[in-house]
Structure formats: structure tokens, C-alpha cells
Amino acid sequence: MVIHVNHVVVVGAGLAGVRSVEALRARGFGGKITLIGQERHRPYDRPPLSKAVLMGETDSSFVGSDLAALETDFRPGVTATALRAGAVETTEGELGYDGLVIASGADPIRLPGDGPQHVLRTLDDALELRALLVPGARVAIIGAGWIGAEVATAARRKGCAVTVIEAGPAPLTQAVGAELGARTLPWYEGIDLRLDTMVSSVDEGGVTLVGGGTVAADVVVTGIGVRPAVEWLADADLDLHNGVVTDEHLRTSLPNVVAVGDCAAWWSRRYGRRLRVEHWDTALGAPEVAAATLLGEEAVYDPVPYFWSEQFGHMVQYAGHHPAGERVIYRGDATGKWSALWLAADDTLAAVMAVDRPRDLVQGRRIIEAGHRLDEERLVDPDVPLRDCVV
Ligand code: FAD
């Protein structure tokens, strides 16, 4: 089917937005492209915000795309406020489109309370927080997930007195389960880690805990997750359920409208369920498929999800979708380099999480893609390469 698209509007100038522009041009789209972004910055990568930017090793992480060379009308500081078929309403008037990419990402969840509460989503957030991470500052981090762990890493390195407050029984409980998360406990040395503890509000001078008690702090950072940034779509005639619902081509329920990145819940052929993955690799890869779909080409988005985190001196990498597994096998001792492998009932690999074992990640990702089965006995020996465990 050939679709005639003359003007594509991209809402959201994060990685998924800018990659959509690049992908459209790479496919020969010669029409008009308008890219609008709520932030006043040009597009940048977020992963360095909680790593090199927070540590003061760099001040920014702008992506290298030349939007002028891509003949894109880039409008920073413009917010989409509503969508109706054929037009996006914005803070600077209405924008008609005949192709639309929804790439509005996600917003951090905040806790109740009137006290100063930091989140880490934008470059401005990172620069503001960085200035407060000074030796001796009492820093309370709510949530021992990916962001919480990375902020704790930076804060500890900067000589702050760090408290991490986690609702679950171990770090990373929500992400990968308590058993696996517990293997990261030794990494929290020198940090006051409060597990099974919930914060009810952020107040002047610190946080109040559920059931009473307070944690005094000069700086409070909330890292308890994000929500897809889809409020502006609330009145649109669009399927929303945990983000913008799409099919495997990243098509939404409205004609000529696709969705990508953190805000998109796409149908995964591989896993037979809808996935919304809030990670960099998805924002990088999905726009290729979305652009093809918008231009009437046949393309399917069906990746093995991948992400990484750098925390407490460790490189943590994950590929797959562990809910598809039924048991976890460990390779290597928790005190050193190790990997966790989730095996499905038929001994295929559902997911791998590698700690300082990048080869396990690379080989595991390929094994997942190929759907190979693994020999559990060989698997437990960390000296046997993962690819040699294929049966
Ligand atoms: P976003 O990057 O959120 O971009 C969306 C943009 O749209 C934003 O600029 C927003 O302001 C704008 N917007 C929202 N609503 C509107 C509107 N109505 N109108 C106009 N503009 C709008 N992933 C990893 O895999 N590894 C990591 O180590 C890692 N580290 C991270 C560290 C931090 C601090 C953060 C915040 C994220 C990290 N991630 C990491 C996740 C990764 O950065 C995200 O998955 C990725 O940024 C998603 O890109 P996106 O373009 O979909 O959304």
C-alpha cells in the first residue's frame, strides 16, 4: 500500500523523536517534518545523565543529529496539548499533519509532600542535582531501582551520606525480582539501605515513612519509576493502555499515527503480549519500523529487549523478557562477576542479566533471538562459554 504523506509531525524531541526524523529521511521521505519538544534543549541522550553528567565528567549528552541538514523544522519549548484526527494542538497553535509520530516518552512519578523533591529525567534535573551532591550532604534516595542505584553510586562517590529507601525486600525487586536483586546487596556498602520501607511523603527536612518515623535529609531524590507521558492524548480517539497501544508495526488505533519509545506499548510477536520497554535501545530501534510503517512499507518491530545500567562500579546488562522464564540459573559467584539466566519450561533462554560478563550478554542475546535450548549442567560452569551450552 502506498501512502501519500506530505507532512509528518513528530511529538517529543527525545531519542525516539530524533531517530524517527533520521529514519524518515533515510527512507527517502522528502516531505515536510516538524519536530516539537517540550524541553528547550536540542535532543540529547538520557543514560549519561545519571552517570557521567551527575559525576561531573561531562555537562551534556546531545545527540549528533544535524536537524537543519535533515531539513526539519525543530521547535523546542513547544508542548503538544491535544490530538484530534489530522491535527495536533500545541502551546503555539495547531499543527496539521498527515503522518504523526508520538514520541513523548515518560514522566517520573513523584511522591506527595511539600518538601523539595528531585527527580532525574532531564538534563536540567541532572545539573540541578549534581550541584547538591557535595561531601557530607545527607542524600535520601527513594527507590533502589536502576535510577536509584545509579544516583546512589554518584552520591557515594561524591562523599555524601547516602540513605536509600526501598519498598521491596531487596534492591531491583520490581525490575528483576528480590532473589536476584539480593545479589547486589554487597554493593551498597557505606550506604544506609532501608529495605521493606515505604515513604509516605517528602517534607521539609527529609521524608516521612509509612507507619511513622522520618529520615532527615538535605537532598531527596525520588526514583520510583515513570509513567508514559500521554496526558495530552487523554481526549483523543486513541487506544491508551499503559501508554499508546500499537500493533507489531507500531501503528496506533488512529490512521497514519505511529508511536515509539518509552510511551509506546507495542504488540510483541516474539512474546505474544504487549510490551512497553523504558530503555534506550527501544528508543533507538523502534523508529526505523515506525518510519517504514508511516511510509506504507511492511515492517515489524520484534526485538529482544536490551538495556544496561552502570552501578557501584559494575556493568549490568540485560537482554530478553524474564517473565517468559520459569527458573533462574546463576553462573559465577555473587561476590565476583556473574550472570543470571532465566530458562523457560522447554529450556530455551528467556532472559539474561550479566554483571561484568559482557560475553554472556552478547551470546545470550543471540541465543534468545535464535530460540536455542540450553544444557543446564554446562550452564552453571561460568568458564564454559554460553554458546557452548546450546544443545
Ligand atoms: P524521552 O527521552 O522521555 O523523550 C521524550 C521527549 O518528549 C521529552 O523531551 C519530553 O519533554 C517530550 N515531551 C513529552 N510530552 C510532550 C508533549 N506533550 N509535547 C512535546 N514534547 C513532549 N536506558 C538504558 O537502556 N540504559 C541506561 O543506562 C539508561 N539510563 C537512563 C538514565 C536516566 C537518568 C534516564 C532518565 C533514563 C535512562 N534510560 C536508560 C532510559 C532511556 O533514556 C529512555 O528509555 C529513553 O530516553 C526513551 O526515549 P524517548 O525518546 O522515548 O523518551
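Colleague: Which residue of S24 stands opposite Arg-327?
Modeller: This is a predicted model: local features need pLDDT of at least 70, side-chain atom pairs count only at pLDDT 80 or more, and totals for chains, interfaces and linings use all residues. Residues are numbered from 1 along each chain as its sequence is written, and side-chain values use heavy atoms, without hydrogens and water. Strands (DSSP runs of E, at least two residues) and helices (runs of H or I, at least four) are numbered from the N terminus. In S24, the residue opposite Arg-327 is Leu-343.

Colleague: How many bridges join S23 to S24?
Modeller: Two strands pair if DSSP finds at least two bridges between them. S23 covers residues 327–331 and S24 covers residues 338–343. They run antiparallel, and the number of bridges joining them is five.

Colleague: Which residue takes a positive phi in the hairpin of S23 and S24?
Modeller: Six residues lie between the two strands of this hairpin. The phi in question is near 95°. The residue is Gly-332.

Colleague: Which residue in the turn of the S21 and S22 hairpin has a positive phi?
Modeller: S21 (residues 306–311) and S22 (residues 314–320) run antiparallel, joined by six bridges. Gln-311 faces His-314 of S22, and two residues sit between the strands. The turn residue has a phi of about 50°.

Colleague: Is Phe-312 buried or exposed?
Modeller: Buried means under 20% relative accessible area, exposed means over 50%, and partly exposed lies in between (1.4 Å probe, protein chains only). Phe-312 is in the loop between S21 and S22. Its relative accessibility is 10%, so Phe-312 counts as buried.

Colleague: What is the phi of Leu-250?
Modeller: Leu-250 belongs to the loop between S17 and S18 (257–259). At 1% relative accessibility, Leu-250 is buried. Its phi is positive in a residue other than glycine, near 70°.

Colleague: Which strands are at the edges of the open sheet?
Modeller: Three strands form this sheet in the order S17-S19-S20, with mixed pairing. Each edge strand pairs on one side only. They are S17 (244–245) and S20 (273–275).

Colleague: Which residue of S20 is the bridge partner of Trp-266?
Modeller: Strands of a sheet pair through backbone hydrogen bonds, either parallel or antiparallel. S19 (residues 264–268) pairs with S20 in the antiparallel sense, over three bridges. The partner of Trp-266 in S20 is Leu-275.

Colleague: How many disulfides does the model have?
Modeller: A disulfide is a pair of cysteine sulfur atoms within 2.5 Å. Cys-263 is buried at 0% relative accessible area, and Cys-389 is also buried at 0%. By the sulfur rule, the disulfide count is zero.

Colleague: Which residues come nearest to the ligand?
Modeller: A residue is near a molecule if one of its heavy atoms lies within 4 Å of it. There are 33 residues around the ligand. H1 (15–26), H7 (280–294) and S21 each supply at least two residues of this shell. Those that come nearest are Glu-39, Arg-46, Lys-51, Arg-121 and Asp-262.

Colleague: How many residues of the shell around the ligand are charged?
Modeller: Ala, Val, Leu, Ile, Met, Phe, Trp, Tyr, Cys and Pro count as nonpolar, Asp, Glu, Lys and Arg as charged, and the others, Gly among them, as polar. The shell holds 17 nonpolar and ten polar residues. The charged residues number six.

Colleague: How far is a polar side-chain atom of Asp-262 from an oxygen atom of the ligand?
Modeller: A backbone polar atom of Leu-15 lies 3.2 Å from a ligand oxygen. A polar backbone atom of Trp-280 is 3.2 Å from an oxygen atom of the ligand. For the side-chain atom of Asp-262, the distance is 2.7 Å.

Colleague: What share of the ligand's exposed area does the protein bury?
Modeller: Taken alone, the ligand exposes 1,000 Å². Accessible areas come from the Shrake-Rupley method with a 1.4 Å probe. The share that the protein buries is 94%.

Colleague: What separates the C-alpha atoms of Gly-225 and Trp-146?
Modeller: Gly-225 sits in the loop between S15 (219–222) and S16 (226–228). It is partly exposed, with a relative accessible area of 33%. Gly-225 and Trp-146 are 79 residues apart along the chain. Their C-alpha atoms are separated by 9.2 Å.

How values were computed:
Polar contact = N/O pair within 3.5 Å; in protein donor to acceptor, adjacent residues only side chain to side chain.
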